[in-house]
Amino acid sequence: MKRLLIIIVSLVPIIYSCESWLDVKPENSVNAEKALSTISGNKSTLMSAYSQLLGSNSYGRQMIAGVEVMADNAKIATSHGNVITDEARNTIGAHANNWTISYRVIRNANFVIDAIDKVEDITAADTYNKRLIKGEAYFLRGWQLFDLARVYSREPNHLIPNFDLGVIIQTKPFIFDGTNIPEIEKPRSTVDETYEQIINDLEESFNLLQDNDNGNFPNRGTALASKAMLARVYLYKEDYASAITAATWVIDNASKYGISIVTGDYTTVFSQSKETIFQLVYRETDNLGSSSMQSIYTNTGLLEPLANNPEWYRDEKKGSGYGDVLFSIALYNTYESGDSRLALMKKVIRGANLSTPEKGIWLYKFNGYNGVYGLDNIPIIRLSEMYHIRAEAYLKKPVKEELNALNDINFMRVARKLTPVNNISGQELLTLAQNERRKEFIGEGHRFFDLKRWGRDISKSPEGIAAGYVALSWDDPRVVARIPLTDAQPNGANPNLVQNPGY
């Protein structure tokens, strides 16, 4: 009986109605069916799926800042609020740890995919709305399967010996009825099977949403978002031809959605979502306050520099926010003079009133741009990523296209107010592409996953090494997350769920 209780609590999804949260338990499955019998009920279930990702244990902080400190972009300040400190040191069990949240989203998506076509059309708009909702559900399922794969498994071409497991693929709605134990005791699929399902879901989403998503952009799934996510997935899979095709489609169609690459004030990329393909939207009621990205990256009490030290702002920890994440000074120094991205960074002396202050860089990509402290929409995919994906893919495909890659790199350099680069090729050009990508997406949660998918060691910044951080070899077990002990073997609820090696 204890085992069944653990399964139910762990695996039953939460469905959102217009007025309240409903725990879909075995005894009220009728309520779930009723909620999914209307278009509005399916839409509410879908909105619940999005809302699962807003918290600080997901994209509100953990999937971005928590992942950012796991590699070489940043460290945690010596004097800190004890937030994401274990992640910075790659402590066993400290990782993105999105298992429960991602599967909640997937289960809501599965309910919608199964139910929406059964809803009777009443008005002429119903067919349109049903197609839109179903396309979004496939987008959410594909996206979250991909997030699970990059956290809990290796990439297709960078497996460790004798282990090729991805994650559990769930494609059916689930309500425990006392007999369907096999559905919640599914084993992990292989990495290749996992990626196949991710691609199928995103392709299906794109087909349903294309020319059918006018009202969704950029706050919900669209054809543009589905294709952009596919470009990212193909890059991880090292299917470079498909990555180029997908990224090119997004670049060619972005103007139809009203976005383009910013060539002026870089702050508008975040303050006005100028390059956003898809974002998570935060309302007043969603405000994470001291648990927000703004709080972990900055403090509002920053004082102006002293005349004898004009580059360094002073933090005396008297404002709002932890400001615990200090980005690497060594990385900051790689930005060229005039780079527009520097507008969102400040050199900070943290604890300036203490006998042993600490220096680092604060990042202002998340700065309460919705008008209230801690309230920011979170960009998940930006248009600039498509240029960087395409440049890398051009350089890694069997027959390299260095000129095309250089054109994309220089396009983005000029947009960031830098001069074009010429007379560069081979490994030097690939290194440039990887460094430009790193500088563009600092603070957005990409760097750790980039090192992982490249099969490289998880390096640490010079500041991190000085603080005692230790790099991880590419095959270290801690590079992938530990599956929750309550679920995985040897003692978890699912007898078929194999734990990751080393745990």
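In the predicted model, Arg150 lies over the face of Phe449, at 4.3 Å from the ring centre. A second contact of this kind involves Lys346 and Tyr364, where the charged end of the lysine sits over the ring of the tyrosine, 5.2 Å from its centre.

Contacts between aromatic rings were examined next, and a pair of such rings is described by the distance of the centres and the angle of the planes. A search of the whole structure finds 17 aromatic pairs. One of these is formed by Phe146 and Tyr236, whose rings are arranged edge-to-face, with 4.9 Å from centre to centre and 80 degrees between the planes. This pair links distant parts of the chain, since Phe146 belongs to helix α7 (residues 124–152) and Tyr236 to helix α10 (residues 223–237), the two residues being 90 residues apart. Phe146 has a relative accessibility of 0% and therefore counts as buried, and Tyr236, at 1% relative accessibility, likewise counts as buried. Another aromatic pair, that of Phe217 and Tyr257, is tilted, with 5.1 Å between the centres and 50 degrees between the planes. It also links distant parts of the chain, here 40 residues apart, with Phe217 in the loop between α9 (191–209) and α10 and Tyr257 in the loop between α11 (240–253) and α12 (268–271). Phe217 has a relative accessibility of 18% and counts as buried, as does Tyr257, for which the value is 18%; both assignments rest on the cut-off for burial, which is under 20%.

Backbone torsions of note include two positive phi values in residues other than glycine. Ser273, which is not a glycine, has a positive phi of about 55 degrees and lies in the loop between α12 and β4 (276–280). For Lys417, phi is near 70 degrees, again a positive value in a residue other than glycine. Lys417 is located in the loop between α16 (402–415) and α17 (426–440), and at 48% relative accessibility this residue counts as partly exposed.

Empty space in the structure was considered next, as rolling a probe the size of a water molecule over the atoms shows where such space is left. The largest pocket has a volume of about 270 Å³. The residues that line this pocket are Met47, Tyr50, Ser51, Leu54, Asn219, Arg220, Leu280, Val281, Arg283, Thr285 and Asp286. The largest share of the lining, three residues, comes from helix α3 (residues 39–51). By class, five residues of the lining are nonpolar, three are polar and three are charged.

Among the strands, β7 (residues 345–350) is largely enclosed by the rest of the structure, because five of its six residues are buried. In a regular strand the side chains alternate between the two faces of the sheet. Strand β5 (residues 312–315) pairs with β7 in the parallel sense over four bridges, whereas β7 and strand β8 (residues 358–363) run antiparallel and are joined by six bridges. Arg350 of β7 stands opposite Asp315 and also stands opposite Glu358 in β8.

Ile169 and Leu159 are 10 residues apart in sequence, and their C-alpha atoms are 19 Å apart in space.

Key:
Residues numbered from 1 in each chain as written. Heavy atoms only, no water. Buried < 20%, exposed > 50% of the residue type's maximum accessible area, 1.4 Å probe, protein only. Pairing = 2+ DSSP bridges. Phe/Tyr/Trp six-rings, centres within 6.5 Å; stacked < 30°, edge-to-face > 60°. Lys NZ or Arg CZ within 6 Å of the ring centre and 35° of its normal. 1 Å grid on protein atoms, 1.4 Å probe; cavity = no way out; pocket = protein on both sides within 12 Å on 5 of 7 lines; lining within 4 Å. Points joined across faces, edges and corners; volume = space filled by probe spheres on them. Nonpolar A, V, L, I, M, F, W, Y, C, P; charged D, E, K, R; others polar.
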